[in-house]
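Visitor: I would like to learn how to read this structure feature by feature. Where should we start?

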Amino acid sequence: MTASIHTLSIKFNGFTGSIQKEVKDCMKSGFFEESGITSSKINVNRLYGDIYKYSEFQTALNTILLDAGVKDYRITRVDVRLDSYDKEHYKRYMKLNRIITSLLGTTYKTQNNYRCVDLFSNKQLSIAVKNDYFQIEHYDKNQQSQGRDRAKSRLELRSLKWNTTEDKLKDKFIAEWEHRLDKSVENYGKMQMRYNDELVQLFKQEMNKYPKRYNNLTGFLLQYQDCIFTKEQMIDLLKRFDEVSNPQNKEKNHRQKYGIDYYSKLDVLEAVEIIKRAVRAYFDS
């Protein structure tokens with residue numbers, strides 16, 4: 001995965017100056033008359049093309065702000081993208097990124113949690129959790145850009161509600177996200193139990209509906225297997241159904257007959273380390 005800053009937002013007093021077209025294309029600004037403050041969203045990648053080194057990002061940002069006549073400003077938001085250029089990446093790591101996203105949602109008790117699917121194909125397009133201070137979203141960039149973007153799969157880490165300076169950006173972003181990710185992995189078991197609580201309620205609600213979505217528990221497990229992440233979670237879920245006399249045997253038979261992807265805590269830790277290394281490599285470049 002290749003990390004880089006996608007956009008950042010700043011605020012400053014007054015207006016921007018006369019801006020060249022190349023710079024104007026990089027900034028979306030709004031002026032708040034009551035406070036006299038301008039808020040700008042900046043995409044430096046529109047200046048010279050995609051930038052993958054933090055030192056080059058700093059140069060491009062300074063170029064944009066110098067041309068806009070902005071000297072004193074505060075950074076209010078930073079969005080870092082982690083891209084893969086492999087067409088199979090999104091599908092291959094969809095469940096693992098669901099784990100990471102769900103861990104953050106569980107740990108920080110986010111209320112804005114969603115999964116988007118294509119209306120016709122029902123294929124997953126994105127999954128995200130959001131609150132006032134951060135957002136994480138994994139989405140099918142190839143589908144979203146209709147193949148026009150080089151990136152095929154994108155995981156975005158977004159920091160909100162900032163009020164900081166450019167010289168503190170690197171350390172602040174790394175510290176915040178490494179703390180969030182490390183803290184969240186410790187709730188892997190708790191996150192799985194949250195899914196199980198919801199799955200049991202879902203099963204009870206849908207089994208009594210007509211027309212039916214599935215004929216039995218096995219059909220239900222196959223339909224919602226992307227919400228089951230470990231062998232231990234599956235066994236715990238099976239224990240909650242009266243018709244299952246031996247949850248261990250049921251799990252084994254289901255896994256051998258139908259197959260299911262499981263991810264240990266070590267797998268999740270390794271995935272988190274890949275994210276952290278990619279972000280650090282970018283900010284050190």
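Guide: With the cysteines. A disulfide is a pair of cysteine sulfur atoms within 2.5 Å. The sulfur of cysteine 227 has its closest cysteine sulfur in cysteine 116, 15 Å away, which is too far for a bond. By this rule there are 0 disulfides.

Visitor: What kind of model is this, and how are residues and atoms counted?

Guide: This is a predicted model, in which local features need pLDDT of at least 70 and side-chain atom pairs count only at pLDDT 80 or more, while totals for chains, interfaces and linings use all residues. Residues are numbered from 1 along each chain as its sequence is written, and side-chain values use heavy atoms, with hydrogens and water left out.

Visitor: Is cysteine 227 buried or exposed?

Guide: Burial is read from relative accessible area: buried is under 20%, exposed is over 50%, and partly exposed is in between, with a 1.4 Å probe and protein chains only. Cysteine 227 has 9% relative accessibility and counts as buried. Cysteine 26, at 2%, is buried too.

Visitor: How do I read the sheet?

Guide: Begin with the elements: helices (H or I, at least four residues) and strands (E, at least two) are DSSP runs, numbered from the N terminus. Two strands pair if DSSP finds at least two bridges between them. Here 8 strands form an open sheet with antiparallel pairing, in the order E2-E3-E1-E4-E8-E7-E6-E5. At the edges are strand E2 (27–32) and strand E5 (112–117), each of which pairs on one side only. From one strand to the next, the twist averages 10°.

Visitor: How many bridges join E5 and strand E6?

Guide: E5 and E6 (residues 124–130) are joined by 6 bridges in the antiparallel sense. Cysteine 116 stands opposite serine 126 of E6.

Visitor: Which helix packs on the sheet, and at what angle?

Guide: Two conventions come first. Contact means heavy atoms within 4.5 Å. Axes are lines fitted to C-alpha atoms, for helices over the stretch in contact, and angles run from 0 to 180 degrees between N-to-C directions. Helix H3 (residues 54–68) packs on the sheet, where it touches strand E1 (2–13), E2 and strand E3 (37–42), and its direction makes about 25° with that of E1.

Visitor: What does threonine 76 contact?

Guide: Threonine 76 lies in strand E4 (residues 74–84) and is buried, at 18% relative accessible area. With neighbours within four places in sequence left aside, threonine 76 is in contact with Ser9, Ile10, Lys11, Ser159, Leu160, Lys161 and Trp162.

Visitor: How do I check the length of helix H8?

Guide: The expected span of a helix is 1.5 Å times one less than its number of residues. Helix H8 (residues 188–207) has 20 residues and should span 28 Å; its end C-alpha atoms are 28 Å apart, which agrees. Among the buried residues of H8 are Tyr188, Tyr195, Leu199 and Phe203. The buried residues of H8 pack against helix H5 (94–107), helix H7 (166–185), helix H9 (217–223), helix H10 (231–239) and helix H12 (265–283).

Visitor: How many salt bridges are found in the whole structure?

Guide: A salt bridge is a side-chain nitrogen of Lys or Arg within 4 Å of a carboxyl oxygen of Asp or Glu. The whole structure has 19 salt bridges. One of them joins arginine 240 and aspartate 197, with the closest N and O atoms 2.6 Å apart. This pair links distant parts of the chain, 43 residues apart: arginine 240 is in the loop between H10 and helix H11 (247–258), and aspartate 197 is in helix H8. Arginine 240 is partly exposed at 31% relative accessibility, and aspartate 197 is partly exposed at 41%. Leaving aside neighbours within four places in sequence, arginine 240 also has Met193, Asn196 and Val200 among its contacts.
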